[in-house]
Amino acid sequence: MKRFTSAEAAIDAAAHRVLARLPQSGICGGLVEFLVFGIKQAWACLFGGVMLAIIMLTRFHWPEHSPITRYDFLFLSALIIQLSMLVFKLETWSEAKVILIFHIVGTIMEIFKTHAGSWIYPEANFFRIGGVPLFSGFMYAAVGSYMARINRIFDIRLERYPPFALTLVLAIAIYANFFAHHFLPDIRIVLFAATAVLFWRTTMYYRVFRFRHKMPLLVAFFLVALFIWAAENIGTWSRAWIYPSQADGWALVSFAKLGSWYLLMIISVVLVTWVHPPRGKDEPDDQASS
């Protein structure tokens with residue numbers, strides 16, 4: 001897997017010309033590394049960040065008599081953002097495959113979950129399947145986009161990563177439980193335990209700027225899930241979708257949803273490793289490619 005698209009390689013080269021002049025050691029050097037970490041994280045969440053910004057803006061400023069509904073505008077905006085990222089080489093076609101698969105996986109679950117009453121979309125619109133506006137699938141695509149992009153932007157390497165077949169079985173079990181727990185006992189505790197058993201020895205190595213850092217993969221999973229949970233709070237506050245407990249007014253999304261996002265994120269990770277097999281710590285760097 002190549003680290004950068006041609007457009008990103010040009011941006012990276014320009015950034016390095018500036019960053020190379022900044023302190024390399026001490027507190028200032030650490031602050032530079034932290035600054036670059038934040039910038040790279042923002043770049044990795046480009047799709048989701050832009051979508052979240054549009055969701056918030058339309059919550060504040062949406063014309064009462066607009067010829068197009070808010071949800072349809074969000075759907076068309078998501079399409080334009082996705083196509084633009086590909087056209088302007090801000091995303092690779094292999095990443096688009098991961099995003100598409102996770103989009104489909106998420107939309108199927110949305111149709112089931114809204115029918116079961118787990119959450120609702122309170123506004124009317126045209127582009128929908130059943131009671132699910134088509135923009136909703138792009139919320140899952142945003143997660144898939146982030147997971148795929150961060151893998152190459154931070155040049156992530158994984159040490160002692162479990163066999164793909166085992167992670168695939170886990171991902172299928174997680175996805176099945178999102179449906180089955182409405183009729184059968186919820187086995188998410190078993191799934192959390194299985195996740196811990198599979199990944200507890202796995203270490204993630206990632207490059208920020210000058211240095212390569214490491215972190216237990218399970219910790220990285222939790223931090224990403226926490227970030228997604230925070231974004232979901234913004235989404236429900238803007239009434240892009242709401243849970244039954246928020247029908248009479250916004251309230252913090254249940255911390256139980258943090259666990260749901262943790263498990264759902266595992267599915268995204270497995271999809272990424274399916275398209276881009278994990279690289280070991282000592283494998284050579286790849287060159288930029290469009």
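Let me begin with a definition, in which a residue is called buried under 20% relative accessible area, exposed over 50%, and partly exposed in between, with a 1.4 Å probe and protein chains only. What we are looking at is a predicted model, in which local features need pLDDT of at least 70 and side-chain atom pairs count only at pLDDT 80 or more, while totals for chains, interfaces and linings use all residues. Residues are numbered from 1 along each chain as its sequence is written, and side-chain values use heavy atoms, with hydrogens and water left out.

By that definition Glu159 is partly exposed, since its relative accessible area is 22%, and Arg160 is also partly exposed because its value is 42%. These two residues form a salt bridge, with their closest N and O atoms 3.8 Å apart; the term stands for a side-chain nitrogen of Lys or Arg within 4 Å of a carboxyl oxygen of Asp or Glu. In the whole structure, 10 salt bridges are found.

Another of them joins the side chains of Glu123 and Arg70, at 3.0 Å from N to O. This pair links distant parts of the chain, for Glu123 sits in the loop between H5 and strand E1 (128-129) and Arg70 in helix H4 (residues 70-87), 53 residues apart. Helices here are DSSP runs of H or I with at least four residues, strands are runs of E with at least two, and both are numbered from the N terminus. Arg70 counts as buried because its relative accessible area is 4%, whereas Glu123, at 26%, is partly exposed.

A further salt bridge brings together Glu95 and Arg152, at 2.2 Å from N to O. Glu95 lies in helix H5 and Arg152 in helix H6, so the pair ties together parts that are 57 residues apart in sequence. Both Glu95 and Arg152 are buried, and they belong to a network of salt bridges that links Glu8, Glu95, Arg149 and Arg152.

Now to the pockets. On a 1 Å grid over the protein atoms alone, where a 1.4 Å probe is used, a pocket is an open set of points with protein on both sides within 12 Å along at least five of seven lines, and lining residues have an atom within 4 Å of a point. The largest pocket holds about 630 Å³ of space. It is lined by 34 residues, and those closest to its centre are Met139, Val143, Ile228, Glu232 and Trp261. Helix H3 (46-60), helix H5 (93-116), helix H6 (136-153), H9 and H10 each supply at least two residues of this lining, which by class has 22 nonpolar, 7 polar and 5 charged residues.

Which residues are closest to the centre of the second largest pocket? They are Ile150, Ile156, Met204, Ala220 and Val224, out of 27 lining residues, and the volume of this second largest pocket is about 500 Å³. H9 gives the most to its lining, with 6 residues, and the lining divides into 22 nonpolar, 5 polar and no charged residues.

Last, the surface. Phe255 is found in the loop between helix H9 (217-237) and helix H10 (256-275), and Phe255 counts as exposed because its relative accessible area is 56%.

How values were computed. Points joined across faces, edges and corners; volume = space filled by probe spheres on them. Nonpolar A, V, L, I, M, F, W, Y, C, P; charged D, E, K, R; others polar.
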